[in-house]
Amino acid sequence: MLALAVGSGPAAAQVAPAGVSLQTVAAGLANPWAVAFLPGGQFLVTERPGGLRVVDAAGKVSAPVAGVPRVAAGGQGGLLDVMTDARFETNRRIFFCFSEPAGAGASGSSTALARATLSADARSLQDVQVIFSQRPKVESSLHFGCRIVQSADGNLWLTLGERYHRKDDAQKLDNHHGKIVRITPDGAPVADNPYAKQAGALPEIWSHGHRNPQGATLGPDGKLWMHEHGPQGGDEINVPQPGRNYGWPVITYGENYGGGKMGEGTAKAGMEQPLHYWVPSIAPSGMAFVTSDRYGSAWQGSLLVGSLKFGTLHRLELNAGKVVREQKLLEGNGGRIRDVRQGPDGFIYLLTDSRDGKLLRLQPGN
């Protein structure tokens with residue numbers, strides 16, 4: 001296992017991007033958070049304030065899709081990830097996650113996962129049903145996590161932040177803070193989850209000890225890959241295994257905001273080491289594997305990670321499950337990269353997080 005900080009060793013070597021550029025597909029999006037792909041070259045884009053938009057192949061942005069439930073928009077909360085079901089072309093089902101406000105007479109919010117049917121004209125959501133709600137709801141507008149991944153068997157992983165003020169909850173199994181959960185498309189815990197039969201543990205939990213995971217994807221190996229924000233330094237990439245503890249807030253390669261030790265150090269028995277980490281932080285969001293040949297054979301198998309802090313795109317070369325080289329792309333592009341996806345056409349698409357956010361296509365060189 002290799003864990004290298006940016007700026008230390010050959011895995012951090014910076015190589016000038018050769019012939020890649022950005023093409024704007026659509027602009028005028030309000031803090032876009034996630035993009036999914038629809039048939040006919042269309043895109044489905046979430047906006048953090050609560051809008052769901054369809055972008056057509058020519059880049060025209062639709063009016064807001066009707067039927068989105070009320071979201072707790074503010075801070076890091078709002079309408080967050082979205083994905084289409086693997087059988088979307090026959091069932092038109094989508095899944096999306098958002099910061100869900102408490103009901104009448106209550107306060108707080110939590111990450112929730114909903115499913116719905118996108119109408120044939122793509123103007124509304126039908127049969128909207130919340131299938132999972134993070135417990136407990138708390139007074140915080142931070143660290144919702146909220147990336148969705150569907151495995152080959154149709155089940156769903158959902159990444160959940162520890163809500164910042166409740167970081168110690170990440171080490172406890174009686175709550176959903178700082179966890180990855182695994183559920184069926186109906187919202188039930190998957191029967192063979194690691195804590196399904198453990199008294200006092202929530203049966204949805206897949207792994208724990210996470211901080212704020214804002215990137216997740218299904219790897220070519222069929223496994224879940226994810227990354228999570230560190231505090232000040234110590235952003236991590238992990239390949240979460242069932243029942244494993246990933247250490248937060250006990251171990252981290254970061255430090256307290258403003259300086260000072262966080263936790264007990266960088267390692268402890270019974271807690272997993274990251275596959276890769278960054279010091280200083282890049283504030284990662286969005287991630288995707290390159291499996292197409294659009295960018296040449298050298299890029300195939302690479303893992304791409306967006307940076308909110310620097311607006312850069314990080315390309316990680318892997319060998320036998322280890323990071324062997326890191327390339328920093330798009331320096332000086334000026335946009336906070338929120339999402340990174342490979343489309344059905346093999347191109348890489350990015351979202352920039354701003355009030356006038358953009359959907360961008362990464363264009364290969366000639």
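Where does L330 sit? L330 is found in the loop between β20 and β21, where strands are DSSP runs of E with at least two residues, helices are runs of H or I with at least four, and both are numbered from the N terminus. The model is a predicted one, so to speak: local features need pLDDT of at least 70, side-chain atom pairs count only at pLDDT 80 or more, and totals for chains, interfaces and linings use all residues. Residues are numbered from 1 along each chain as its sequence is written, and side-chain values use heavy atoms, with hydrogens and water left out.

Back to L330, then. Its phi is positive, at about 65 degrees, although L330 is not a glycine. L330 counts as buried because its relative accessibility is 10%; buried means under 20% relative accessible area, exposed means over 50%, and partly exposed is in between (1.4 Å probe, protein chains only). A122 also has a positive phi, near 60 degrees, and is not a glycine either. A122 lies in the loop between β7 (109–118) and β8, and with a relative accessible area of 13% it is buried. Most residues other than glycine have a negative phi, and most peptide bonds are trans. Two cis peptide bonds turn up here: one runs from R135 to P136, with omega near -5 degrees, and another joins W248 and P249, with omega about 0 degrees. P136 belongs to the loop between β8 (125–133) and β9, while P249 belongs to the loop between β15 (235–238) and β16 (276–278).

Now for the overall picture. The protein has one helix and 23 strands, and its C-alpha trace spans about 55 × 55 × 40 Å along the principal axes. Of the 366 residues, 57% count as buried.

The loop that holds L330 also holds R336, between β20 (322–329) and β21 (337–342). R336 counts as partly exposed because its relative accessibility is 37%. Leaving out residues up to four places away in sequence, R336 touches S307, L308, G311, L351, T352 and D353, a contact being heavy atoms within 4.5 Å. Between R336 and L350 there are 9.9 Å in space, C-alpha to C-alpha, and they are 14 residues apart in sequence.

S285 gives a contrasting case. This residue lies in strand β17 and is buried, as its relative accessible area is 0%. The S285 side chain makes a polar contact with the R147 side chain at 3.4 Å; such a contact is a pair of N or O atoms within 3.5 Å, and within protein one must be able to donate a hydrogen and the other to accept it, with residues adjacent in sequence counting only if both atoms are side-chain atoms. Beyond four places away in sequence, the residues that S285 touches include H227, L308 and I337.
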